[in-house]
Every structure is written in structure tokens, then in C-alpha cells.
Amino acid sequence: MNALLQKRNCKMTLGKFDFNNPKHLNPVIDRVVELWSPPTDDMNFRRLYVEAIIRQNGADNDMQFQLSENGELCSIAFASRKNQHSPWYGWWQEKHDSLPEGFQEMFSVNRSYLSMMDEKTYGYMTDNDVKLSLFVSTKSGWGKPILEEAMNFYRSKGFKTMYLWTDCECNVEWYAIRGYELVEEGTFEPFSTPEEPYKTYIFKKPL
Ligand SMILES: CC(C)(COP(=O)(O)OP(=O)(O)OC[C@H]1O[C@@H](n2cnc3c(N)ncnc32)[C@H](O)[C@@H]1OP(=O)(O)O)[C@@H](O)C(=O)NCCC(=O)NCCS
């Protein structure tokens, strides 16, 4: 455990994130649903939309961490190797097929967007690098300690550089003020409006 985790006087555990555990998945959905879903009135669709994002950022590996305090999830950090893809395609397809047509379209564009940004990011990476694929805190102040733990783990696995991509619906500033290097800045046209370009960013940090 790092110093940040030790100095807090509470029962804190770093463990694996479990997609089958609603106590893991639901707080993350609650946290990002307003940030990352289209503003429709259908809250069930919005929750499903962000669940798809969370699952698409999952990978079949040992790098999906969650930090809990007294059994309550506080933050998550998922990572993948270069070209590693989510194992949840079957889940996604089933949910997609059950949606009305307009929602199917939104679901698909979003999947294409996530895949396109993943491929761009993998394009910068070597097999010695790792991609931070999802980073969320459900309690302010719990992002930093889980990422420090996760980065220690990536280092112990021999990874040299951590890459990540993010966009204007995320806390981009968090990376900027913590010395992450901007590798690429772009605009995703399908989510842009004439008034507001939808900005994307790829960052990296040595481990
Ligand atoms: C990015 C994220 C995980 C960071 O976690 P966090 O818990 O907010 O960050 P930290 O652990 O560093 O601690 C929070 C502290 O940083 C500060 N902070 C967080 N974001 C900040 C920002 N953009 N600018 C300045 N300070 C910031 C908080 O005010 C807080 O300060 P305090 O301890 O004085 O109250 C979190 O903001 C989050 O989940 N955002 C929504 C999802 C997201 O955007 N994820 C990144 C997608 S790639």
C-alpha cells in the first residue's frame, strides 16, 4: 500500500473490479451518467449507454482495480495492453439489438468513437506501454491514490509508459495539471456542433 492509502484512518481495500457485482458497477454508472450520456429523457437508456462505455473499457486482464472504503467503492482504474480489446462484445450486441432504432444508432456511433480513439492511442504505443482505459473516482480525493497504486503495479509488470485518451466530457485538466504530456489533440466531428467542437486528447506519462 502506498503512503496515501496508509495515512487515512479507515478500512480501505484495493481489489479487482467485478462487473458482476452491482456494488462495483452501479456507483460508477451513477457517477458518469450525467457526464457521458446523450441528454435524452430515457434514464434507462442513458445508464445502459454509460454501462457500455465502462464495459468497452474493460479488458480480460489483471489490471482492473477498484478502491473501496468500508465496503463502499470510491474509485476505479482499468488498463489494457496495446491492442487488447474488451471481452464484452456479446453483451454489447445483445443490448444493441434490444434497443429502438434511434438508440441503436447512438449506441453504435459511441462504440465506433471509443474504438477509433483506442486504435489511435494504440498507434502511439509499443508492447512495453500500457493504456489507462478508465479512471473514475466516485468520491473526490480517491482518484490520486488508486492511480498511484495502479501505476506502481504497471511499473512492476515492466511497462515503461502509460498512455491514455480523454475528451472534453472528462476531467482533462486533471492530467494537464499533473504533468502528463499531451501527445495529440483532435476533434470528433459527429459529436461536435458548429458552436462547440468535441475535443479529444491523448496523453502519456513515463512510469
Ligand atoms: C478524474 C478523476 C478520476 C480524478 O479523481 P479525483 O478524486 O477528483 O482526484 P484526486 O484524487 O486528485 O483528488 C481530488 C482533488 O483534486 C482536485 N481536482 C480534481 N480535479 C481537478 C481539476 N480538474 N483541477 C483542479 N483540481 C482538481 C479536487 O478539487 C480535490 O482537491 P481537494 O483534495 O483539495 O478537495 C475524477 O475527477 C473523475 O472521476 N472524473 C469523472 C470521470 C473522468 O473524467 N475520468 C477521467 C476520464 S479519462
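Residues are numbered from 1 along each chain as its sequence is written, and side-chain values use heavy atoms, with hydrogens and water left out. Because the model is predicted, local features were required to have pLDDT of at least 70 and side-chain atom pairs were counted only at pLDDT 80 or more, whereas totals for chains, interfaces and linings use all residues.

Strand S3 spans residues 72-81; helices (H or I, at least four residues) and strands (E, at least two) are DSSP runs, numbered from the N terminus. Eight of the ten residues of S3 are buried, and the strand is mostly covered. Here buried means under 20% relative accessible area, exposed means over 50%, and partly exposed lies in between (1.4 Å probe, protein chains only). S3 pairs with strand S2 (residues 64-69) in the antiparallel sense over six bridges, where pairing requires that DSSP finds at least two bridges between two strands. Within this arrangement glutamate 69 stands opposite glutamate 72 in S3. S3 is also joined to strand S4 (residues 129-137) by seven bridges, and these two strands run antiparallel. Isoleucine 76 stands opposite valine 136 in S4.

S2 and S3 form a hairpin with two residues between them. Asparagine 70, in the loop between S2 and S3, has a positive phi of about 50° although it is not a glycine. Most residues other than glycine have a negative phi. Asparagine 70 counts as exposed because its relative accessible area is 56%. A positive phi, of about 65°, is also found at asparagine 83, which is not a glycine. Asparagine 83 lies in the loop between S3 and helix H4 (89-97) and, with a relative accessible area of 43%, is partly exposed.

Glutamine 66 has its place in strand S2. The relative accessibility of glutamine 66 is 8%, so this residue counts as buried. A polar atom of the glutamine 66 side chain lies 3.4 Å from the backbone oxygen of lysine 16. A polar contact is defined as a pair of N or O atoms within 3.5 Å; within protein, one must be able to donate a hydrogen and the other to accept it, and residues adjacent in sequence count only if both atoms are side-chain atoms.

Strands S5, S6 and S7 were examined next. Strand S5 (residues 161-167) pairs with strand S7 (residues 199-206) in the antiparallel sense over seven bridges, and the bridge partner of threonine 166 in S7 is tyrosine 201. Six bridges join strand S6 (residues 181-187) to S7, again in an antiparallel arrangement. Glutamate 181 stands opposite lysine 204 in S7. Threonine 187, in strand S6, is partly exposed, with a relative accessible area of 37%. The C-alpha atoms of threonine 187 and lysine 199 are 4.6 Å apart in space, while the two residues are twelve residues apart in sequence.

The polar side-chain atoms placed around the ligand include one of arginine 31, which lies 3.2 Å from a ligand nitrogen atom. An N or O atom in the side chain of tryptophan 174 is 2.9 Å from an oxygen atom of the ligand. A polar side-chain atom of arginine 178 also lies 2.9 Å from an oxygen atom of the ligand. On its own the ligand has 920 Å² of accessible area, of which the protein covers 67% (Shrake-Rupley method, 1.4 Å probe).

Serine 115 is located in helix H5 (residues 101-124). With 27% relative accessibility, serine 115 counts as partly exposed. Serine 115 and histidine 85 are 30 residues apart along the chain, and their C-alpha atoms are separated by 9.1 Å.
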